[in-house]
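Trainee: I would like a close look at a single part of this model, with the cut-offs spelled out as you go.

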Amino acid sequence: MIDQEFTGHLLLMMAPMGSGKSMLVRHTKENYPAVYFSVSCTTRSPRPNEIDGVDYYFISKEEFRKKIDNDEFVEWAEFSGNLYGTLKTEILDRLANKQVVLTEIEIQGIEILKPLIPEANRTILYIEAGGWEVLKRRAQKRAPMSEEELVLRYERYEHEIKVKALADKVINNFDGEAEVAKRDFDNLLKEVFLKVNS
Ligand code: 5GP
């Protein structure tokens, strides 16, 4: 456990591809401007439309290694050949200062953070949309994928679904039930803000 007193709350969200992450992120940004979206460092290249400092801090492997040596990360992991890490400055100072922070990290990072942040100050959240076939259909509807891409996506899905076993809260976002998912998410955020502000 980190030797620091926390008064804020960390939401660790895992939303597999096609589970409705963008909808919930948009909903949160529009309705809960006080939620801080943690920006991670990564060594992967930016995708079109991604902005440095907003989606990620895009840095070189050398810069990343330097930050590891300087103990700047609260957690970091290798995923799909790239390095990803959460800077201590992105979350710890905020959690010590009554802020609600949302972060999306993969399971290795979640496993590192879980014992570091007291249970009362964090919620591991998994967005369930109904299994691989549903996710595949939803994603294909948005943008058709090649067989090769599908295989990679499936491997990623297998990695992502492991978070469900660690989750403190599962939000269901089944087909046609986006309003239910939003309501459940609202209830969780209201609870979190009540706790932080009490
Ligand atoms: P992508 O490259 O698709 O943006 O992200 C790949 C995976 O890395 C996703 O599961 C994402 O949640 C995870 N990720 C993003 N930032 C971090 C981080 O700071 N730490 C860890 N451990 N995983 C991260």
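In what sense do E1 and E8 pair, and over how many bridges?

Mentor: A word on conventions comes before the answer. This is a predicted model, in which local features need pLDDT of at least 70 and side-chain atom pairs count only at pLDDT 80 or more, while totals for chains, interfaces and linings use all residues. Residues are numbered from 1 along each chain as its sequence is written, and side-chain values use heavy atoms, with hydrogens and water left out.

E1 and E8 pair in the parallel sense over five bridges, where pairing requires that DSSP finds at least two bridges between two strands. Strands and helices here are DSSP runs numbered from the N terminus, a strand (E) having at least two residues and a helix (H or I) at least four. Within this pairing, Met-13 has Leu-125 of E8 as its bridge partner. E8 also pairs with strand E9 (residues 169-172), again in the parallel sense, over four bridges, and there Glu-128 has Asn-172 in E9 as its bridge partner.

Seven of the seven residues of E8 are buried, so the strand is largely enclosed by the rest of the structure; buried means under 20% relative accessible area, against over 50% for exposed and partly exposed in between, with a 1.4 Å probe and protein chains only. Arg-122, Ile-124, Tyr-126 and Glu-128 point one way from E8, whereas Thr-123, Leu-125 and Ile-127 point the other way.

Moving on to E1, this strand pairs with E7 in the parallel sense over four bridges, and His-9 has Val-100 in E7 as its bridge partner. E7 (residues 100-103) is covered on both faces, with Val-100 and Leu-102 buried on one side and Val-101 and Thr-103 buried on the other. Strand E2 (residues 36-37) pairs with E7 in the parallel sense over two bridges, and Tyr-36 stands opposite Val-101.

Ile-91 is in contact (heavy atoms within 4.5 Å) with Leu-10, Ser-38, Val-74, Thr-86, Val-101 and Leu-113, leaving aside neighbours within four places in sequence.

Not counting residues up to four places away in sequence, Ser-19 touches Ile-127, Ala-129, Leu-135, Arg-138 and Asn-173. Ser-19 and Asn-173 are 154 residues apart in sequence, yet 6.8 Å apart in space, C-alpha to C-alpha.
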